[in-house]
Amino acid sequence: MDERTFKRNKMQWITALSRECEIKPTTFRIAYLIADHQNRTVGFAWPSLASLAEKICMTTKSVHRAIDQLEETGWLEVERKANCSNRYRLRWPPGRRPTPASAERKMDRDVPAERQRCPPGRDASVGRTYLSKQPKTFLSRLGGGRQEARFTDQGKFEAEIIRRFGPGMIDVLEKLNEIDPRAVEQLCRRAKDGTLSRVDIAAAELTVAQNQ
């Protein structure tokens, strides 16, 4: 799936979920954060309960209840794994999936040309997606917690690490995230600047092995 389609699908999911009266505000905040962690290459997110709770100033019990509600209402698939983070996939309850993008594009083309005039001059600002281009998370502002700068490319470079060093890195990254999420971010930053080596991966694997 290309990046544009991936982002559009996530925003459609978030928008639809925001209109569900039965979804509690707390549950929606957790859903938003899980969607923010969704990895395009592997198709799921794996943030730990502790990491989710810390980012929006909640208890892990509250996070667990929110995830249970999303799973029970059909909006989230949860793959529970022993000794590491759960895996989460965004899902659509029956009958809730939006109109295919191709139909939306056709509707755009059917609008009379005289209504498609572009205003003169240059836009003063350009809108940015909530999910992967914001310098700070939307959720940290909602929760009133710490506003830490985000490494917005982390998911992209997690996928690159998995491609470079094999699928076994999925479990290594999941378990390392449980131990210290900052260590995962550091690996991704090194992958981004081209300094990530096999020695760094071996150190990560050793850290995971020592904490099992």
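Predicted model: local features only at pLDDT ≥ 70, side-chain atom pairs only at ≥ 80, totals over all residues.
Residues are numbered from 1 along each chain as its sequence is written, and side-chain values use heavy atoms, with hydrogens and water left out.

**Overall layout**

I counted 10 helices and two strands in the protein chain (DSSP runs numbered from the N terminus: H or I of at least four residues for helices, E of at least two for strands). The order from the N terminus is α-α-α-α-β-β-α-α-α-α-α-α. Of the 212 residues, 40% are buried (under 20% relative accessible area; over 50% is exposed and in between is partly exposed, with a 1.4 Å probe and protein chains only). I also looked at contacts (heavy atoms within 4.5 Å): among those between residues at least 6 apart in sequence, 60% join residues at least 24 apart.

**Cores**

Next I looked up the largest nonpolar core, which has 27 residues (a set of buried Ala, Val, Leu, Ile, Met, Phe, Trp, Tyr and Cys joined through side-chain atoms within 4.5 Å). Trp-13, Leu-17, Ile-30, Ile-34, Ile-67, Trp-75 and Leu-76 touch the most other members. At least two residues each come from helix 1 (3–18), helix 2, helix 3 (49–55), helix 4 (60–72), strand 1 (76–79) and strand 2. Helix 2 gives the most, seven residues. A second, separate core has 18 residues, including Trp-46, Ile-161, Met-169 and Ile-170.

**Residues in and around helix 2**

I picked Ile-30, which sits in helix 2 and counts as buried because its relative accessibility is 0%. Beyond four places in sequence, Ile-30 touches Ile-56, Met-58, Val-63, Ala-66 and Ile-67. I noted that Ile-30 and Met-58 are 28 residues apart along the chain, with 9.9 Å between their C-alpha atoms.

Thr-27 is also in helix 2 (residues 25–37), and at 3% relative accessibility Thr-27 counts as buried. Leaving out neighbours within four places, Thr-27 contacts Ala-66, Gln-69 and Leu-70. With the same exclusion, I found Leu-17 in contact with Ile-23, Phe-28, Ala-31, Leu-70 and Trp-75.

**Helices 7, 8 and 9**

In helix 8 (residues 169–179), I found Met-169, Ile-170, Val-172, Leu-173, Glu-174, Leu-176 and Asn-177 buried. These pack against strand 2 (87–90), helix 7 (154–165), helix 9 (181–193) and helix 10 (198–210).

The axes of helix 8 and helix 9 come within 5 Å and cross at roughly 130 degrees (lines fitted to C-alpha atoms, for helices over the stretch in contact; angles run from 0 to 180 degrees between N-to-C directions). The pair is therefore oblique (under 35 degrees is roughly parallel, over 145 roughly antiparallel, 65 to 115 roughly perpendicular, the rest oblique). Leu-173, Leu-176, Asn-177 and Ile-179 of helix 8 meet Pro-181, Ala-183, Val-184 and Leu-187 of helix 9.

For helix 7 and helix 9, I noted axes within 9 Å, crossing at roughly 80 degrees, so this pair is roughly perpendicular.
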